[in-house]
Amino acid sequence: MDREKIIQNISESMLIGRKRKKWTQKQCADAIGISRTYYSDIENGRTLPSFNVLLKINQLFPFFLINKDADSERVM
């Protein structure tokens with residue numbers, strides 16, 4: 001998986017998770033412990049978060065799940 005695809009997957013997961021929680025970017029950023037601007041940059045695909053921040057994001061919006069079916073295996 002290339003860098004752009006990884007960034008896209010993270011940003012889509014964050015946006016979907018945030019909308020499901022009905023939270024603002026500020027509420028999510030506060031829960032993760034980062035600035036709203038940095039959160040926005042990640043969610044909008046402008047930057048790839050550090051590993052530590054990625055782990056915190058995954059605690060808020062779990063997306064490191066393996067989906068296995070008869071036809072494919074992919075990281076969600």
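Lys 22 is located in the loop that lies between H1 and H2. In this predicted model, Lys 22 has a positive phi of about 60 degrees, although the residue is not a glycine. With a relative accessible area of 75%, Lys 22 is exposed, because the cut-off for that class is over 50%. The points below turn from this loop to the overall architecture, the helix packing, the nonpolar core and the salt bridges.

**Overall architecture**

- The protein contains 4 helices and 2 strands.
- Read from the N terminus, the order of these elements is α-α-α-α-β-β.
- The protein has 76 residues, of which 32% are buried.
- Among contacts with a separation of 6 or more, 41% are between residues 24 or more positions apart.
- The protein has an accessible surface of about 5,300 Å², and carbon and sulfur atoms account for 51% of that surface.

**Packing of H2 against H3**

- The axes of H2 and H3 are 8 Å apart, and the two helices pack at an angle of about 105 degrees.
- H2 and H3 therefore count as roughly perpendicular to each other, since the range for this class is 65 to 115 degrees.
- On the H2 side, the residues that meet H3 are Gln 25, Lys 26, Cys 28, Ala 29 and Ile 32.
- Their counterparts in H3 are Arg 36, Tyr 39, Ser 40 and Glu 43.

**Nonpolar core**

- The largest nonpolar core comprises 14 residues.
- Met 14, Ile 32, Ile 34, Tyr 39, Ile 42, Ile 57 and Phe 61 have the most contacts inside this core.
- H1, H2, H3 and helix H4 (51–60) are the elements that each contribute two or more residues to the core.
- The contribution of H4 is the greatest, at 4 residues.
- Leaving aside residues up to four places away in sequence, Ile 34 touches Ala 29, Tyr 39, Ile 42 and Val 53.
- Two of the residues named for the core, Ile 32 and Tyr 39, also take part in the meeting of H2 and H3.

**Salt bridges**

- Side chains of opposite charge can pair when their charged atoms come close.
- The whole structure holds 3 salt bridges.
- In one of them, Arg 18 pairs with Glu 43, and their closest N and O atoms are 2.8 Å apart.
- This pair links distant parts of the chain, with Arg 18 in helix H1 (residues 3–21) and Glu 43 in helix H3 (residues 36–43), 25 residues apart.
- Arg 18 and Glu 43 are both buried, and Glu 43 is also one of the H3 residues that meet H2.
- Another salt bridge joins Lys 26 to Asp 30, with the closest N and O atoms 2.9 Å apart.
- Both of these residues belong to helix H2 (residues 25–32), where they are 4 residues apart, about one turn of the helix.
- Lys 26 is partly exposed at a relative accessible area of 45%, and Asp 30 is likewise partly exposed at 47% relative accessibility.
- Arg 46, at 54% relative accessibility, counts as exposed because its value is over 50%.

How values were computed. Residues are numbered from 1 along each chain as its sequence is written. This is a predicted model: local features need pLDDT of at least 70, side-chain atom pairs count only at pLDDT 80 or more; totals for chains, interfaces and linings use all residues. Side-chain values use heavy atoms; hydrogens and water are left out. A salt bridge is a side-chain nitrogen of Lys or Arg within 4 Å of a carboxyl oxygen of Asp or Glu. Buried means under 20% relative accessible area, exposed over 50%, partly exposed in between (1.4 Å probe, protein chains only). A nonpolar core is a set of buried Ala, Val, Leu, Ile, Met, Phe, Trp, Tyr and Cys residues joined through side-chain atoms within 4.5 Å. Contact means heavy atoms within 4.5 Å. Accessible areas come from the Shrake-Rupley method with a 1.4 Å probe; for residues, only the protein chains shown count as cover. Axes are lines fitted to C-alpha atoms, for helices over the stretch in contact, and angles run from 0 to 180 degrees between N-to-C directions. Angles under 35 degrees count as roughly parallel, over 145 as roughly antiparallel, 65 to 115 as roughly perpendicular and the rest as oblique.
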